Amino acid sequence: MSEQTLFKVTVDNITIEVPAGTTILQAARQIGGAVAPPAMCYYSKLEGTGGKCRTCLVEVSKGSEKDPRPMPKLVASCRTTVMDGMEVKNITSEKVIDARAAVVEFLLLNHPLDCPICDQAGECHLQDLSFEHGKADTRYEFQRRSFKKHDLGKYIQLHMTRCILCYRCVFIADQLTNKREHGILDRGDHTEIATHIEKSLDNEFIGNVIDVCPVGALTDKTFRFKNRVWFLKPMDAHRNCPTCSGRVTLWNRGDEVFRVTARKDEWGEIEDTPDGKPGWICNTCRFDKKHTNDWVIEGPRAISRQSVIAQGHYAGNIGTTLPTEIFKAVNDGRAPHLLMDIHNESEVNLPSVRLSEIEGPSHGNTFNNNSTKA
Amino acid sequence: MGVKLLLEKANVPGIRTYDVYRREGGYTAAEKALKEMSIEAIVEEVKKSGLRGRGGAGFPAGMKWSFIAKPEGVPRHLVCNADESEPGTFKDRYLMEFLPHLLLEGLLISSFALGSNDTYIYIRGEYAWVADILEDAIVEATKNGWLGKNILGTGFDCMVHVHRGAGAYICGEETALIESLEGKRGNPRIKPPFPAIQGLWMRPTVVNNVETLAAVVPIIKMGGVEYAKIGVGRSTGTKLISACGNINKPGVYEIDMTISVEDFIYSDEYCGGIAGGKKLKACIPGGSSVPILPANLLLKTAKGETRYMNYESLSDGGFATGSMMGSGGFIVLDEDQCIVKNTLTLARFYRHESCGQCSPCREGTGWMEKILQKIELGKGESSDIDLLWDIQRKIEGNTICPLGDAAAWPVAAAIRHFRDEFEWHIQNRELSQTSNFGLQHYADPIHVPA
């Protein structure tokens, strides 16, 4: 390997050196914390994703060392590669914050906001995004677009109303399965994800569309309405699977496995396996192996993504590391982005509550009793 | 009469056929280019001519040509953008319908200069009969040795293919056009990489408008320097303007860009004045996506100077008091036209034509249309105007392709210049359903019929 050229890039006043060809978003993620722009459509493990949702827009205040002119428009950080000496403003730019709030408003315009009955609630990227960057009210007063629910085969259900058209599921079917059977129909605000005339998706790896979907548009039919994700205990587990890596996260309640997903990193993306490939899992592992004795349990999983589930028992580091000294100083005292402290909102997630000890359906009293006991 | 370079022979009977076109001096420029000139010399002539892209953006064509990457062993392509779908613009259709061989000659010279052996004409699907005309012309040209293998014994091969679009405005955006031509969904690509590096099938590609390519023929005939003498400043050569709306003589006119807007509208040679002796209210000077201008700002710039029909003068004053040359779709509105309704029509068009790829455009265009619909139906509230302004501001510049900007500009300009008309609609809900706001302070200051 020849020596890689390193480019110096400054994001929100924090300088980092990254190899040439890295995107601004990847560089910002290496810094971590609130410096990393949110991304709804970009998925680093899939080629060609990104650029569509516009949530990752950043301001380039200095193009490069050679050509220090700022870029005239905000750029999509997920698809713009860094130049040496580039200076990027993310949360330190008024323009970016304004544009991002606008994008959140646009994304929520036709979103049904049915979080109370949505299986994705608690681990939904759109929930996180709107909580961090959106406004409490909508200015939209017209009817939202609506679609019927579609069954895409035995395991997957499509709620087109919730879809934000990130195209991730289309890319994954292109790149992971041998034949893509769903795609985009129509255009503009009546665009929809669909199979051509009610076909079913029955590829062995198609279950991964559920993992990449940032919202609750594609849901696991074997898990639908069974439980809330924040009541479940994530456990790393593996099995010797002939078709996939077999490295998964089990979502347990007691000894019962409610669902199986691939292991996700702090950006909500599939973790790599030790041999460096993305750890996609097959349908058999995901939908059929729902007994603990199918799996070798490795231990509880620390969910480090900023979400409701991250604030339960097993979070290794709650939230993310924050460059605190920069925030208050450069951003007019704007608080670093932390989601609501769920412990203040709900007793359900008090660290003292031991979810796995609850038997049967739970309600408020259970938690009150449980927490006083512990 | 102004100088005519493109439409000079348009009225010759039978000019559509090869024999008449050749007899009238056709294909002499191609002969000159292929036999006497080097590739560099052709590109140099086009650069010297100062020819600017006629599709709307006005980017210098010669410079675009010089950007094309030339890696070894990778074919290059020239694509002719004939997906003319902008409301108000119909100049390319006229050119292709009456002078198909002029376009083919321009394509041949340009293909030779760019080294494209397979050249594509991406034509709007609705222009079905024009596509037939072009295909017939290609057969004739091939039969006479102007297309195909070893043209004029130079060893240069060039095939021209006509590809029909399927009715999407967005496929006029060059990267969406390339996607569509490849057989994919017409979604614009994220740039970079630009088509000059990775375009059609990831090969270096140049996409040019029909009129731009046709203009290459007179440039080669008369030389770039001579061509640059026509017109004014950086607006060189002639431009086709498709005039429509409330005027006496709608149609396609070739102008040399030294004529004033006032002359263009009122002289008998061009538009022939406002139809029915009415007064001029407003005008969209460059196709539906450019900002609308009220009469007082159209004829004179904000500084009080006469406004001319060229790139610089039309955009004088920026978007605050100016507009753009755009693609040359000149839409004239008389005193009876309602700006709210006009803006709604445009907003509906952009809502319908948004590809739905990126969120600001997908959701924002629909939202703007619904608010305008509400105002038009007499249900508007005063906060709606500010909301519209805020939405267009948030779409503009935040999208992948220029369609978002094109959707935002007409709404922005309508509110900027005609805010009182919007307010009148909101305050007089019932009256606005039956009568018209008419002319107010933005009347044409010069031409008031007695």
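Guide: In chain A, helix α2 (residues 94–109) meets helix α16 (residues 359–376) of chain B, their axes coming within 9 Å and crossing at roughly 65°. This is a predicted model, in which local features need pLDDT of at least 70, side-chain atom pairs count only at pLDDT 80 or more, and totals for chains, interfaces and linings use all residues. Residues are numbered from 1 along each chain as its sequence is written, while chains are lettered from A and ligands numbered from 1 in the order in which they are written.

Visitor: Why is α2(A) called roughly perpendicular to α16(B)?

Guide: Angles from 65 to 115 degrees count as roughly perpendicular. The axes cross at roughly 65°, so α2(A) is roughly perpendicular to α16(B).

Visitor: Which residues make the contact of α2(A) with α16(B)?

Guide: A102(A), V103(A), F106(A), L107(A) and L109(A) in α2(A) meet S359(B), P360(B), E363(B), G364(B) and W367(B) in α16(B). Two residues are in contact if their C-beta atoms, placed from the backbone, lie within 7 Å.

Visitor: How do the residues of that contact divide into nonpolar, polar and charged?

Guide: They divide into 7 nonpolar, 2 polar and 1 charged. Ala, Val, Leu, Ile, Met, Phe, Trp, Tyr, Cys and Pro count as nonpolar, Asp, Glu, Lys and Arg as charged, and the others, Gly among them, as polar.

Visitor: Into which domains is chain A divided?

Guide: Chain A has domain 1 (6–104), domain 2 (118–225) and domain 3 (230–374), with bounds from an automatic or database domain assignment. Domain 2 of chain A gives 17 residues to its contact with domain 3 of chain A, which gives 19 residues.

Notes:
Axes fitted to C-alpha atoms, helices over the stretch in contact; angles between N-to-C directions. Helix = DSSP H or I, 4+ residues; strand = E, 2+ residues; numbered from the N terminus. Parallel < 35°, antiparallel > 145°, perpendicular 65-115°, else oblique.
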